[in-house]
Amino acid sequence: MTFALETIGLDKQFGGLHVTRDLSLKIAAGARHALIGPNGAGKTTVINLLTGVIKPNGGKIMLEGADITGLTVQARVLRGLSRTFQINQLYADLTPLETIGLAVSERLGHGGDWWRRLGSRANVNVEIAETLERFHLLDVMNEPTGTLPYGKQRLLEIALAIATKPRVLLLDEPAAGVPQSERHEILAAVAGLPREVTVLLIEHDMDLVFSFADRISVLVSGALLVEGTPDEVAHDPRVKAVYLGEGADA
Amino acid sequence: MSADHGVGEVSLRRARWGHGETAFWLIAIAAIFVFSDRYLILTEMAWLGLFALSLDLILGYAGIVSLGHAAFFGVGAYAAGLLAVHGIVKEPILALVVAGCAAMVLGFATSFLVIRGSELSQLMVTLGIALLLRELANKFSDITGGFDGLQGIVIDPILGLFSFDIFGKVGFIYCLVVLFVLFLLARLIVHSPFGLSLRAIRNNPLRAAAIGIPVNRRLIAIYTLSAFYAGIAGALFTQTTALASLDVFSFERSADLLLVLVIGGAGYLYGGLIGAVVFRVLQDMFSSWTPQFWQFWIGLVLVLIVLIGRERMYRGVMWLPRLAMRRMTSLSRSAS
């Protein structure tokens, strides 16, 4: 069986620090998969390895059966692997329209166009509008991103990843730092992600994880501790030990 | 409303010509007739403005800093000079393009060294390349004329029709036309998806890569284009002054250029042009007032700009014109 995303014996060391140990993850197509683990479990490193920001010391990463271990960040995006960022990594002085416009232009192969203005291609415009509408950003599309409320920025973060039309989406703590009043909008956006997109959610918030995921992998000290359905994971004594030992972290 | 919810309309509106822009170019054309005794300084403003525009493309849009932009200016200047002296390309516009291309080749070759690394390493590498070229020009003095500069540069009439006159009128109009054409091209580029991707890269290179923008390729492209612009500026300098000496590569030239862009502001294309005008006017004013200490006053102005902030100064300067504008629009509204 071919998985949407698969790691085989993934390994990463920073000097003497072993942050990812022989990690083999299998994420089925269309899955809502969550990767959880206490602080320092190495979740961020896994994202950076998957997206190509850092290279592993060993092991392979397969996207829909093809080895992507050696590809650059943007080559992986073009293959259909995108991510959102835990802390907003947006373009503060670009507007949401321009931000989404960039991603759409880039994907449709118009990103290098220097002779015509953004907004002059009807198909690009329609796609920008659809994305902005789906994420409730139409009303603020012409305002500099840096001036938007935090919740809107989080929405734009997800919208931007979706605008690259990923087949696999890595969601890195989508609701982190969002005020309670704006939270429901983010959760609705996450829940409303297209079914055909495979989602790997990296999250601290257990409410979100258990309401969203159909499969959960628990990462401890860079290695896979348990994998299973939410029910199995919730009742696994090893998971309980890790999280109870950690106290408030869960 | 169409299916795009006004997305096309809104994004095209951002790229539309403003009244301020039209006014700017009308004033530039008016200068031909109003300041007919000041063509030399006007010409300097024009090529300096183009030179600053070239730096703005990499600094203001892509976030690449440079302390050695004179390298490309110098290559353009010497190329134009050599083409004229040896009679290789006699027609000035053609020679201009060839000189720009020479600088562009150097820009492409050195872009690989510049785009990687932090701002500090960019400053050092660009500075180093300019110093290197200056030494090379000095070393090969049989070609470049060394410290004395190229001798015997005579520029043919433009298109075989317009000879450069001693008052510099043709020279100024020539520079202004070239500046305007290249400005239009730059304006087109910065409003394109390509130009937008540069701003995204400046904002956040990691995120730019994460939405599929080929960061390095874009930086190489804009650096190469910027070198072309700088080369053209250098060639204009040589063609209008019939000079090409070692100081085209000088550190002061690169540093002054940063000053020009700081005065005018980076990242909106007009900063370099306005900066060039203000810089030359200040330089002229201060040097006629106190010949030995003009650099002191320029330095003071620079410190003030950074301390007060350009935004606040701009609001102060624009207060009266804005008021007049508002009065006029309200008058025309009540009339209709």
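This report walks through a predicted model with chains A and B, from the fold of chain A to the contacts between the two chains.

**Chain A as a whole**

Let us start with the overall make-up. Chain A holds 9 helices and 11 strands. Its C-alpha trace spans about 55 × 40 × 35 Å along the principal axes. How does the radius of gyration of chain A sit against that of a compact globule? For 250 residues, such a globule would have a value near 18 Å, and chain A has 19 Å, which agrees. Of the 250 residues in chain A, 47% are buried. Contacts across the sequence also deserve a look: among those in chain A with a separation of 6 or more, 66% link residues 24 or more positions apart.

**The sheet of chain A**

Chain A has an open sheet of 6 strands in the order β7-β8-β9-β4-β10-β11, and the pairing is mixed. Which strands stand at the edges? They are β7 (81-83) and β11 (223-228) of chain A; each has a single partner strand, so one side of each is left without a neighbour in the sheet. On average, neighbouring strands of this sheet are turned by 20° against each other, with direction ignored.

**A hairpin and some positive phi angles**

A:Q13 has A:H18 in β2(A) as its bridge partner. The hairpin has 2 residues between the strands, and A:G15 takes a positive phi near 60° there.

Positive phi also turns up at residues that are not glycine, A:H136 being one of them. A:S221 is another such residue. A:H136 is in the loop between α4 (122-134) and α5 (150-163) of chain A, while A:S221 is in the loop between β10 and β11 of chain A. A:H136 counts as partly exposed because it has 15 C-beta neighbours inside 10 Å. A:S221 counts as partly exposed too, with 15 C-beta neighbours inside 10 Å.

In soluble globular proteins, nonpolar side chains tend to be buried together.

B:I232 lies in helix α11 (residues 215-241) of chain B. Why does B:I232 count as buried? The reason is its 30 C-beta neighbours inside 10 Å, where 20 or more are needed. Leaving aside neighbours within four places in sequence, B:I232 is in contact with B:L50, B:G76, B:L96, B:A99, B:G100, B:V178 and B:L182.

For contrast in setting, take B:V85 in helix α4 (residues 70-85) of chain B. B:V85 is partly exposed, with 16 other C-beta atoms within 10 Å. Beyond its neighbours within four places in sequence, B:V85 is in contact with B:L150, B:G152 and B:I153.

| C-alpha pair | Separation along the chain | Distance |
|---|---|---|
| B:I232 and B:M104 | 128 residues | 9.6 Å |
| B:V85 and B:R217 | 132 residues | 37 Å |

**Where the chains meet**

How many residues of chain B are in contact with chain A? There are 30, and they are in contact with 42 residues of chain A. On the chain B side, the elements that give two or more residues are α1 (7-14), α8 (169-190), α9 (193-203) and α10 (205-210). α9(B) gives the most, with 8 residues. By class, this side of chain B has 17 nonpolar, 10 polar and 3 charged residues.

How values were computed. Residues are numbered from 1 along each chain as its sequence is written. Chains are lettered from A and ligands numbered from 1 in the order in which they are written. This is a predicted model: local features need pLDDT of at least 70, side-chain atom pairs count only at pLDDT 80 or more; totals for chains, interfaces and linings use all residues. Helices (H or I, at least four residues) and strands (E, at least two) are DSSP runs, numbered from the N terminus. A residue is buried if 20 or more other C-beta atoms lie within 10 Å of its own, exposed if 12 or fewer, and partly exposed in between; C-beta atoms are placed from the backbone. Two residues are in contact if their C-beta atoms, placed from the backbone, lie within 7 Å. Two strands pair if DSSP finds at least two bridges between them. The radius of gyration is taken over C-alpha atoms; the globule rule is 2.2 Å times the number of residues to the power 0.38. Axes are lines fitted to C-alpha atoms, for helices over the stretch in contact, and angles run from 0 to 180 degrees between N-to-C directions. Ala, Val, Leu, Ile, Met, Phe, Trp, Tyr, Cys and Pro count as nonpolar, Asp, Glu, Lys and Arg as charged, and the others, Gly among them, as polar.
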